[in-house]
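My notes follow the structure.

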Amino acid sequence: MAGPPADVVVVGAGIAGAAAASHLARRRIGRVVGIEGRTPAAGATGRAAGIVSEQMWNRWDVRAVQRSKEEYAGLAARRAPGAYRTNGFLRWAASSRIASALEARTEELRAWGVDVRSVGASELERRLPPLRSTGVAAAAFAPSDAVVTPSDLTAAYLAEGREQGVDWRSIPPVDRLAREGGSWRWSERTGDRARIAVVAAGAWSKALLAASGAPLPLAPYRTQAAVLQPEPGVPDDLPSFHDLDTDVYGRPEEHGRLLAGDGTERVEADPDRFRPTGDPEFVSHLASCFGDRLPGWTDLRLVRAWAGVCVATPDRRPVVGAVPGVEGLYVLTGFNGFGVMRAGAAAAWLADEIVDGPRGEDGPLGPVSPARFAGPVRPFAPRPGFTLQAGPDPEF
Ligand SMILES: Cc1cc2nc3c(=O)[nH]c(=O)nc-3n(C[C@H](O)[C@H](O)[C@H](O)COP(=O)(O)OP(=O)(O)OC[C@H]3O[C@@H](n4cnc5c(N)ncnc54)[C@H](O)[C@@H]3O)c2cc1C
């Protein structure tokens, strides 16, 4: 026989759910239960590249990254030394249209207080020696951008949450949340319930919300990354980088390796049936982009390649807050491929909203509230990517 309902159940122990449970417990909301249907960080979190960059395209996102960075730096210092490292982030473009957009974006980011500046060819090659800068028309460098180890940060949030009293449980994935007598029941077998439910189930959120009678416009999509071993090896303090012409990005990994990616697919994927290994076309695309633009690295040996499933929204913004018209149900998802870098802040602001009550359009969650999707849910094609432009369908 189930006991009295918990105060909150958080579904999902990716970085978002782990952070949310920890923040809710710190805010002393009462009894918090966390449920994970696989293993912590088994979803996108454990497959992410871990780049954390303030070079975003909306003000909210910049603030979210800034706040998350502070939080991750502190969390890593307390619990996971090495899980947060400042290495800077370089971006460049040869195409004149993309270069103009990069220059305009860099100025805008500076006006928003981001530590980023334009750099010329000689600085570009000095900071990233394997690069051939021929034809590059614009470049920007953000010295305080960072790289993190997402699974270590998740484990650190889980540990801090547990110390604050969060009851993290490993159970089979829940099929649906059922509203019963003013609370949410997540297990028919045990009858376990909570007053408030937070869905932080990553790519599975779409199906879980729909089965719980609260559908939202979400589209899971597959994206890929690979670890390469170049010659010579990659120093730890090399900046992360993004070639805007090809959309290929990279960051230094341990043992002198490089983690690189692009490979975002613009079609919906099933998180229970996607191909978890990297496609040969993806790997050969990386090799050809590196050969053209980063010829200082030779013998790029493939160590491994993989894919994970992220979550798109129609406007490419996260969806965080109370589900309109459904009492006691909150979501924390829709990160469009950039969830590691914004989850800490989004989770903290969500915990504030749950504990203190809604702050409306001007509150910290105003721009990402699920309320913007009130009405019928229509299918859409995912359009994520590390783009320069805001809006649902950016050109680049
Ligand atoms: C290749 C790749 C590279 C990336 N690179 C970056 C990057 O450099 N920087 C960045 O910021 N982001 C990056 N991302 C995106 C980032 O990984 C995600 O946005 C982020 O991890 C989402 O975290 P989450 O907690 O919302 O979801 P997830 O990590 O997917 O966690 C969801 C959890 O919920 C659990 N769950 C789901 N359904 C249920 C259920 N019904 N019952 C119980 N448990 C359930 C799952 O098992 C899972 O553990 C990358 C992603 C990929 C795939």
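**Helix packing and backbone notes**

I began with helix α1 (residues 15-26) and helix α5 (residues 150-163), whose axes come within 8 Å and cross at roughly 25°. Axes here are lines fitted to C-alpha atoms, for helices over the stretch in contact, with angles from 0 to 180 degrees between N-to-C directions. I note that α1 and α5 are therefore roughly parallel to each other, a label for angles under 35 degrees, as against roughly antiparallel over 145, roughly perpendicular from 65 to 115, and oblique for the rest.

The model is predicted, and local features need pLDDT of at least 70, side-chain atom pairs count only at pLDDT 80 or more, and totals for chains, interfaces and linings use all residues. Residues are numbered from 1 along each chain as its sequence is written. Helices (H or I, at least four residues) and strands (E, at least two) are DSSP runs, numbered from the N terminus.

I then listed the residues that make the α1 and α5 contact: I15, A18, A19, A21, S22 and A25 of α1, with P150, L153, T154, Y157, L158, E160 and G161 of α5. Contact means that C-beta atoms, placed from the backbone, lie within 7 Å.

Turning to α8 (340-356), I found that the axes of α1 and α8 come within 8 Å and cross at roughly 35°. On the α1 side the contact uses I15, A16, A19, A20, H23 and L24, and these meet V340, A343, G344, A346, A347, A348, L350, A351 and I354 in α8.

How enclosed is α1 by the rest of the structure? I found 11 of its 12 residues buried, so α1 is largely enclosed; buried means 20 or more other C-beta atoms within 10 Å of a residue's own, exposed means 12 or fewer, and partly exposed lies in between, with C-beta atoms placed from the backbone. The cover over these buried residues includes β1 (6-11), β2 (32-36), β12 (193-199) and β19 (329-333), besides α5 and α8.

Next I checked the backbone, where R28, which follows α1, has a positive phi near 55°. H255 also has a positive phi, near 60°, in the loop between β15 (248-252) and β16 (258-262), and H255 counts as exposed with 9 C-beta neighbours inside 10 Å. N336 has a positive phi of about 50° although it is not a glycine; N336 lies in the loop between β19 and α8 and is buried, with 25 other C-beta atoms within 10 Å.

Last, I recorded a cis peptide bond from E231 to P232, with omega near -10°, and placed P232 in the loop between β13 (219-231) and β14 (240-243).

Technical notes: Two residues are in contact if their C-beta atoms, placed from the backbone, lie within 7 Å.
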